[in-house]
Amino acid sequence: MSEADTTTDKIITDAMANPSPAKSLGDPGITPLSPTHIQNDTDQVQSGPSFVVVVAIDFGTTSSGYAYAFTKEPECIHTMRRWEGGDPGVSNQKTPTTILLTPDRKFHSFGYAARDFYHDLDPSESKHWLYLEKFKMKLHTTANLSIDTDIHAANGKRVKALDIFAYALAFFKEQALKELSDQTGSEFDNNDVRWVITVPAIWKMPAKQFMREAAYKSGLVSRENPEQLIIALEPEAASIYCRKLRLHQMVDLGTQTTQNGFSPNENVGSGMTQAKEHARRNRQSRTFLVENVIGELWSELEEGDRYVVMDCGGGTVDLTVHQIRLPEGHLKELYKASGGPYGSIGVDYEFEKLLCKIFGQDFIDQFKLKRPAAWVDLMIAFESRKRAAAPDRTNPLNINLPFSFIDYYKKFRGHSVEHALRKSNVDFVKWSSQGMLRMSPDAMNTLFKPTVDHIIQHLTELFDKPEVSDIKFLFLVGGFAESALLQQAVQNMLQGRSRIIIPHDVGLTILKGAVLFGLDPSVIKVRRSPLTYGVGVLNRFVEGKHPPEKLLVKDGTRWCTDVFDTFISADQSVALGEMVKRSYTPAKPSQQVIVIHVYCSEKESVGFISQPGVRKCGTLRLDVSGTESTAARREIQTLMQFGDTEIRAMAVDVSTGRTVKASIDFLSH
């Protein structure tokens with residue numbers, strides 16, 4: 001805690017009378033009164049309006065979808081209707097996260113429809129249309145994300161990311177409401193829906209806020225009614241769903257026993273193949289019954305047992321460590337979420353690098369720009385072969401090269417694709433007479449290696465942490481979890497230390513869990529803060545404790561500038577509903593708005609805002625207009641909540657008891 005705690009109220013009052021010259025703060029006159037943590041009764045957190053239905057949108061890097069449940073029958077989770085289109089060898093419960101805009105930048109279509117339409121356009125036309133895919137990763141990789149961040153379409157043109165995300169959410173809103181209207185037999189009102197959007201747990205606050213802004217822009221919910229939308233963290237959602245699993249709804253990699261309704265088999269992938277078949281038969285129904293009881297697997301867990309959820313998606317891999325709290329089976333996070341951009345699209349990039357090695361980077365770059373639809377075709381062909389990769393595969397994998405690739409290459413280089421392959425000395429990729437690239441299984445496994453190695457390295461580091469000892473289960477979820485190569489690598493790394501459990505419809509785990517989370521957001525009682533958050537303040541200067549260069553003398557009082565007043569530390573556990581309380585006073589009675597810069601750091605303990613690794617990450621705005629009072633000194637008490645999936649702020653004018661509009665913003669720079 002900061003020095004300010006121990007100073008007497010007299011000094012603080014003096015400081016208020018003479019606005020403290022805290023230039024580094026960007027807002028003079030803000031000195032903290034005694035800070036405190038208050039623990040709220042967590043059961044009263046969510047008492048908003050009642051909703052008729054919860055609709056969760058899993059907005060993925062490679063594929064997306066929605067699912068819903070009516071609050072009156074929470075054990076019935078419905079996944080969305082089948083999509084038009086679909087690829088051979090890829091189950092289409094979700095739709096590709098692809099979006100197509102007309103040449104004048106109007107929304108045209110989403111998913112398979114967008115892909116097929118774009119594909120059928122004549123190349124002379126298609127270059128004017130804007131086609132986007134895998135754009136979600138932009139939110140993770142952009143260092144200073146803002147409302148104005150751009151993304152590139154396939155033809156190289158730039159578009160505002162916010163518009164694209166808003167178009168996608170508006171599409172899902174329309175689809176879901178249409179389905180709900182058909183189900184209930186009357187026009188379904190959006191106000192009766194609680195929306196849930198899933199995001200990776202490792203996303204920083206700006207990216208989460210960006211999703212919320214896109215939701216406002218799309219008309220999913222309105223700014224006046226923010227609690228109608230919940231942001232859910234993907235592995236948390238998976239964790240909530242995994243608690244409900246029955247034994248016939250998963251594969252236990254360690255044993256592969258008949259308890260799953262499958263015969264024992266040494267082969268890693270076989271259990272999954274049967275599981276997929278089983279899932280396919282059940283898929284006609286689209287409605288999942290979630291047991292009200294706790295699943296059998298869960299009944300093996302005792303108070304205090306720990307498990308890891310590893311969410312392997314298209315863009316990111318996310319790991320969370322949870323502990324059970326009985327009797328209600330609430331969850332507590334034991335270690336801050338970790339992971340990185342190690343999703344399955346890493347394998348696609350390796351394939352692209354391989355093509356560049358064979359045909360030349362200059363050609364591939366040109367081909368992508370000049371024949372974008374054919375490039376998309378090639379990547380679809382690769383995708384289905386990618387899913388056929390397995391550790392014990394012996395026969396080669398054939399990838400169809402689109403005719404326009406072969407044709408364009410000949411024009412570009414003056415010799416044939418076949419010639420390029422012979423000359424390239426990439427010995428494990430051959431040309432087959434049917435016009436295909438023929439890859440040996442080793443060649444395919446090599447494409448997986450960098451991504452899988454990253455994941456295994458991360459998992460190894462996580463399991464070395466003291467908080468992560470004695471893990472009973474590792475749940476593998478997300479679309480990439482279906483990869484037999486990844487499964488085998490995880491098995492080899494864990495060497496039987498934890499049981500590896502894979503839910504059947506592994507790509508839908510997050511979606512179903514997100515619906516359950518929307519029905520009861522208070523199920524996760526304790527989280528860990530990913531970063532240290534705080535503000536810069538002035539404290540009384542103490543000789544020998546404070547560095548002399550921080551000394552500032554004002555009206556005879558010696559102040560230390562740039563002191564970091566910690567709200568919450570990295571990896572500190574925070575209960576749901578727990579508040580951090582601070583009081584601020586306007587520098588002048590006439591002041592309308594107080595703006596306070598919020599700083600953050602990955603380090604757990606921070607002394608000054610000027611330290612390396614500390615950066616300004618947001619602003620806290622208190623709108624104090626209309627709260628003028630006769631009190632000699634106005635005190636605005638601010639409450640910040642860090643225990644939820646998003647950081648929130650509230651404020652009250654102490655002298656009048658009136659609520660002050662408070663907001664915390666991580667997107668404006």
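What covers the buried residues of α11? Helices α10, α12 (372-386) and α13 (403-413) are among the elements that do so, and the helix in question is one part of a predicted model.

Residues are numbered from 1 along each chain as its sequence is written. In this predicted model, local features need pLDDT of at least 70 and side-chain atom pairs count only at pLDDT 80 or more, while totals for chains, interfaces and linings use all residues, and side-chain values use heavy atoms, with hydrogens and water left out.

**Confidence**

The pLDDT, which is the predictor's confidence in each residue on a scale from 0 to 100, has a mean of 83 over the chain, and 83% of the residues reach 70 or more. Confidence is lowest in helix α1 (residues 9-17), with a mean of 29, and highest in strand β11 (residues 193-199), at 97. Over residues 1-48 the pLDDT stays under 50, and the model has 99 contacts beyond four places in sequence for this stretch, a contact being heavy atoms within 4.5 Å. Residues 257-267 also have a pLDDT below 50, with 22 contacts beyond near neighbours in sequence. Where pLDDT is low, the predicted coordinates should not be read in detail.

Helices (H or I, at least four residues) and strands (E, at least two) are DSSP runs, numbered from the N terminus. In helix α11 (residues 361-370), F363, I364 and F367 are the buried residues, where buried means under 20% relative accessible area, exposed over 50%, and partly exposed in between, with a 1.4 Å probe and protein chains only. Seen down the axis of α11, these buried residues fall within an arc of 95°, so they line one face of the helix; the arc is that of the directions from the helix axis to the C-beta atoms.

Helix α10 (residues 345-359) lies across β18, β19 and β20, running at about 110° to β20; axes are lines fitted to C-alpha atoms, for helices over the stretch in contact, and angles run from 0 to 180 degrees between N-to-C directions. The three strands form an open sheet in the order β18-β20-β19, with antiparallel pairing, two strands being paired if DSSP finds at least two bridges between them. Because β18 (397-400) and β19 (429-432) stand at the edges with a single partner strand each, one side of each is left without a neighbour in the sheet. Neighbouring strands of this sheet are turned by 30° against each other on average, direction ignored.

**Antiparallel strand pairs**

| Strands | Bridges | A bridge pair |
|---|---|---|
| β18 and β20 (residues 436-439) | 4 bridges | L397 and M439 |
| β24 and β29 (residues 593-601) | 4 bridges | Y533 and C600 |

Strand β24 is mostly covered, with 8 of its 9 residues buried.

**Loop residues**

S529 sits in the loop between β23 (524-528) and β24 (532-540) and is buried, at a relative accessible area of 3%. A polar atom of its side chain lies 2.6 Å from the backbone oxygen of L531. Leaving aside residues up to four places away in sequence, S529 touches K336, I568, S569, A570, D571, Q572 and V574.

Most residues other than glycine have a negative phi. D470, in the loop between α15 (441-463) and β21 (471-477), has a positive phi of about 50° although it is not a glycine, and it counts as exposed at 68% relative accessibility. D555, in the loop between β25 (551-554) and β26, likewise has a positive phi of about 50° and is exposed at 55% relative accessibility.

Note on methods. A polar contact is a pair of N or O atoms within 3.5 Å; within protein, one must be able to donate a hydrogen and the other to accept it, and residues adjacent in sequence count only if both atoms are side-chain atoms.
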